[in-house]
Amino acid sequence: MEQGLRVAAAVSEARQWDRLMELAKIGAIPGDGVNRQALTALDRAARRLAIGWAEAAGATVTVDEAANLWFRLEGRDPSAAPVITGSHMDSQPAGGRFDGIYGVVAGLEVLSALRDSGVTLERPLEVVAWTNEEGSRFSPGCMGSMAWAGTKPVSAFAEIADAEGVTFGAALAEHLQAEADLPRRPLGGKAHAYIEAHIEQGPTLESEGLAIGIVTGIQGSRWFTVTITGASAHAGTTPVSLRRDALQAAMRAIAALNALTADPTDVLRFTVGSFLAEPGSSNSVAGRVRFTIDLRHPDDALLMEKGNAITALVQEAAYPCTAEIEERFTAAPLSFDTGILDGIEQATQALGLSSLRMPSGAFHDAQLVARAVPSAMIFVPSRDGISHNPAEFTSSSQLAAGTRALAAALVRQAA
Ligand code: HGY
Ligand code: MN
Ligand code: MN
């Protein structure tokens, strides 16, 4: 643990905060927020900043065919399976300055602290920025980590289009062309351990006055897209009895889904986050409605039971309109590696940081990486538990404490 404490001591709160604030200028939106969508020029501008910092820390830079961006610092044994840390650089459309990007900057800070402390590890250390974790431009999320872990091939996402009709395949090709100066590395590979630092995005750590969340696992998530088709009609001349009103049908369907997912224990999470009625004119009956479903629960059987009931329920409620339901994303509930969790706890104790073992309500790339590599996560507090909102905030000292715990935990895995 001594080496880990040396590297942790070399973590600079100011350097890390300055880097985060520099990145927050790229895609800045009012209210201290960020809108930096995956595979855009803004995403590439942020990546170039990170590349510069990684190279200054002595790391080599590569990109894989899913556009995951890699920073590698060699250890004494270049043939050893690396230890990996990182997160995502893309944001929600009305995102904050810390979701995802903190985990990448924390990894970069550990690279800089290794250089400053003169510590050389046995294993290589790699910092990764995963492509499209949020899934807000191209649904679903976690495309980069799914491709890397072998859950789905990159080609499976090629035809998925954004709101402007740009396909993921086209955006990826444009992006890789723009980063053609970076050496390419094959997708996938072996790793000894993966530890991701992330903001909690919930109220627990702050309300209990704790510094570090030792994340024991992640609840399951299922994403669906519902398309309800009726018939567009004149709002003035068409009798209600003759209408096939897709918007009214969608309201019936969502009411039925609310009944299906009602949970007095407030554990089940059901969200309709996106709703589009077409043609979207005040004097035309809606002919088509598309809405999304985000369903989550820590118990796999319950998540399967509720999720599997959606299609029949929506189709029945939508009649006389028709409904198509497509499942876009499934991530089963997951428990992280107990050995790595114990190592994180020992790191927090050695650093004198208060901590709590806790599950994650949000999904993360670690949920997909854990299919291929022993993984775990570290949380830092979120002010008022706010995230996916410009008001998202974590203080520089809280972020630095998380990065010191990350540094000590990574060194323990890589020493
Ligand atoms: O949606 C999630 O749970 C993650 O924050 N993208
Ligand atoms: Mn995130
Ligand atoms: Mn997020």
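This is a predicted model: local features need pLDDT of at least 70, side-chain atom pairs count only at pLDDT 80 or more; totals for chains, interfaces and linings use all residues.
**Entry 1. The metal site**

I began with the manganese ion (ligand 2). Its protein donors are His88 (NE2), Asp99 (OD) and His198 (NE2), and they lie 2.1 to 2.3 Å from the ion. I placed His88 in strand E5 (residues 83–88) and Asp99 in the loop between E5 and helix H4 (101–117), 11 residues apart. Are His88 and Asp99 buried or exposed? I noted both as buried.

**Entry 2. The two domains**

I next consulted the domain assignment of the protein. The assignment gives domain 1 as 2–219 + 333–414 and domain 2 as 220–331. Taken over C-alpha atoms, the centres of the two domains are separated by 34 Å. At the interface, 17 residues of domain 1 are in contact with 13 residues of domain 2. How much area do domain 1 and domain 2 bury between them? I recorded about 1,100 Å², with 60% of it on carbon and sulfur atoms. Of the area that domain 1 buries against domain 2, Gln219, Pro333 and Phe363 supply 54%, more than any other three residues. I also searched this interface for salt bridges, and the rule finds 0 across it.

**Entry 3. Salt bridges**

The structure as a whole holds 20 salt bridges.

The side chains of Arg48 and Asp181 meet at 2.7 Å, N to O. Arg48 lies in helix H3 (residues 41–56), and Asp181 lies in the loop between helix H6 (168–178) and strand E7 (193–199), so this pair ties together parts that are 133 residues apart in sequence. Arg48 counts as partly exposed because its relative accessibility is 34%, whereas Asp181, at 52%, counts as exposed.

In the salt bridge of Glu122 with Arg76, the closest N and O atoms are 3.0 Å apart. Glu122 is in the loop between H4 and strand E6 (125–130), and Arg76 is in the loop between E4 and E5; the pair therefore ties together parts 46 residues apart in sequence. I noted Glu122 as partly exposed, at 30% relative accessibility.

Arg222 pairs with Glu327, with 2.7 Å between the closest N and O atoms. This pair links strand E9 (residues 220–229), which holds Arg222, to strand E15 (residues 322–331), which holds Glu327, and the two residues are 105 residues apart. Arg222 counts as buried because its relative accessible area is 4%, under the 20% cut-off. Glu327 is partly exposed at 32% relative accessibility.

Which residues are linked in a network of salt bridges? I listed Arg15, Arg19, Glu109, Arg115 and Asp116.

**Entry 4. Leu73 and its neighbours**

I located Leu73 in strand E4 (residues 69–73). Leu73 is buried, with a relative accessible area of 16%. Leaving aside residues up to four places away in sequence, Leu73 touches Ala57, Gly58, Ala59, Leu111, Leu114, Pro124 and Leu125. Leu42 is 31 residues from Leu73 along the chain, and 26 Å separate their C-alpha atoms.

**Entry 5. Helix H13**

Finally, I looked up helix H13 (residues 396–414), which has 19 residues. From first C-alpha to last, H13 reaches 26 Å, close to the 27 Å expected at 1.5 Å a residue. I noted that H13 is mostly covered, with 14 of its 19 residues buried.

Technical notes
Residues are numbered from 1 along each chain as its sequence is written. Chains are lettered from A and ligands numbered from 1 in the order in which they are written. Side-chain values use heavy atoms; hydrogens and water are left out. Donors are N, O and S atoms within 2.8 Å of the metal (3.2 Å for Na, K and Ca); water is not among the atoms, so sites may look incomplete. Helices (H or I, at least four residues) and strands (E, at least two) are DSSP runs, numbered from the N terminus. Buried means under 20% relative accessible area, exposed over 50%, partly exposed in between (1.4 Å probe, protein chains only). The expected span of a helix is 1.5 Å times one less than its number of residues. Contact means heavy atoms within 4.5 Å. Domain bounds come from an automatic or database domain assignment. Buried area is the accessible area (1.4 Å probe) that two parts lose on being put together, summed over both. A salt bridge is a side-chain nitrogen of Lys or Arg within 4 Å of a carboxyl oxygen of Asp or Glu.
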